[in-house]
Amino acid sequence: MSPDGVSGDGVSGDAAGGHGARDAAGGARDRLAAVLRPVRAGNGFEEALEQVLQVLRLGLVPAGERLPAERELAERLGVSRVTLREVLRVLHEEGLVESRRGRYGGTFVLPRAEAGGASASGTGGAAELRRRIAAVDLEDVLRFREVLEVGAAGLCAAHGLDGAGSERLRAALAGTRDTPPGGYRHRDTLLHLTLAELSGSPTLAVRYAAVRATLNDLLDCIPLLVRNLEHSQRQHTALVEAVLDRDAEAAREGMREHCAGTAALLRGFLT
């Protein structure tokens with residue numbers, strides 16, 4: 001039995017439960033059509049999670065009702081069932097859904113009062129952070145961050161780094177590889193700050209440090225997801241290689257995709 005109670009052939013337990021169950025499932029599919037769409041290549045897990053979180057936050061599947069079967073969700077999102085199961089696991093860990101087994105099993109949406117919202121910062125800490133960032137314009141932060149980061153990556157690659165700069169960048173990347181999950185965001189911050197500092201623009205570096213501080217407050221409001229950290233690390237490696245190879249186009253595109261993955265998670269959890 002899969003995590004959402006789907007049998008081996010992908011048919012949910014209540015698929016044969018009569019016209020009522022079929023009508024309800026059809027209604028759910030109609031409601032979800034405006035939100036669920038195939039994700040873009042590059043950030044499949046993050047964008048799939050963003051879309052399913054949006055479904056829950058909009059109430060398109062009300063509390064107590066079952067999400068569509070695993071196979072259908074995976075097809076709608078254009079992701080593998082392995083990726084979808086990881087998305088459902090995150091929702092379960094956040095107290096947003098629960099899995100029920102048996103003939104009428106599946107993944108059911110929990111009432112908000114029961115949803116624990118157990119973020120990486122703990123419930124009390126998360127509530128405080130949410131109050132602190134209530135006035136933050138999320139879209140403005142994400143767009144400004146992307147402009148600065150993509151620009152910094154492009155400048156570093158286009159101008160080329162000297163020996164000392166190359167070693168600094170390699171060391172910052174190595175730091176992200178050698179740290180446990182709990183310390184990853186700190187090392188991630190240092191890597192991105194290093195790129196900003198090596199861009200050759202002190203003003204860019206100062207502006208980036210400020211926007212990164214706000215970004216970290218936002219990131220502290222969402223859970224630390226191992227799948228996302230692994231994906232980020234692969235993107236970091238490719239990005240650093242592009243910079244060291246002086247491939248400005250690849251560096252800019254890699255950073256743009258990297259920023260998009262973070263933005264998808266933040267929009268999913270915080271909007």
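Predicted model: local features only at pLDDT ≥ 70, side-chain atom pairs only at ≥ 80, totals over all residues.
Local features require pLDDT of at least 70 and side-chain atom pairs pLDDT 80 or more, whereas totals for chains, interfaces and linings use all residues. Residues are numbered from 1 along each chain as its sequence is written, and side-chain values use heavy atoms, without hydrogens and water.

**View A. Packing of helices H8 and H9****.** The axes of H8 (residues 184-198) and H9 (residues 202-219) come within 9 Å and cross at roughly 160 degrees; helices are DSSP runs (H or I, at least four residues) numbered from the N terminus. H8 and H9 are therefore roughly antiparallel (angles over 145 degrees). Their crossing is right-handed (the near helix is turned clockwise from the far one by less than a right angle). Arg185, Asp188, Thr189, His192, Leu193, Ala196 and Glu197 of H8 are in contact (heavy atoms within 4.5 Å) with Leu204, Ala205, Tyr208, Ala209, Arg212, Asn216 and Leu219 of H9. By class, this contact has seven nonpolar, three polar and four charged residues.

**View B. Surroundings of valine 35****.** Valine 35 lies in the loop between helix H1 (19-32) and helix H2 (44-57). With a relative accessible area of 6%, valine 35 is buried (under 20%, 1.4 Å probe, protein chains only). Leaving aside residues up to four places away in sequence, valine 35 touches Gln51, Gln54, Val55, Leu58 and Leu60. The C-alpha atoms of valine 35 and arginine 76 are separated by 9.9 Å, at 41 residues apart along the chain.

View C. The whole structure contains zero disulfides (pairs of cysteine sulfur atoms within 2.5 Å).

Conventions:
Axes fitted to C-alpha atoms, helices over the stretch in contact; angles between N-to-C directions. Helix = DSSP H or I, 4+ residues; strand = E, 2+ residues; numbered from the N terminus. Parallel < 35°, antiparallel > 145°, perpendicular 65-115°, else oblique. Nonpolar A, V, L, I, M, F, W, Y, C, P; charged D, E, K, R; others polar. Buried < 20%, exposed > 50% of the residue type's maximum accessible area, 1.4 Å probe, protein only.
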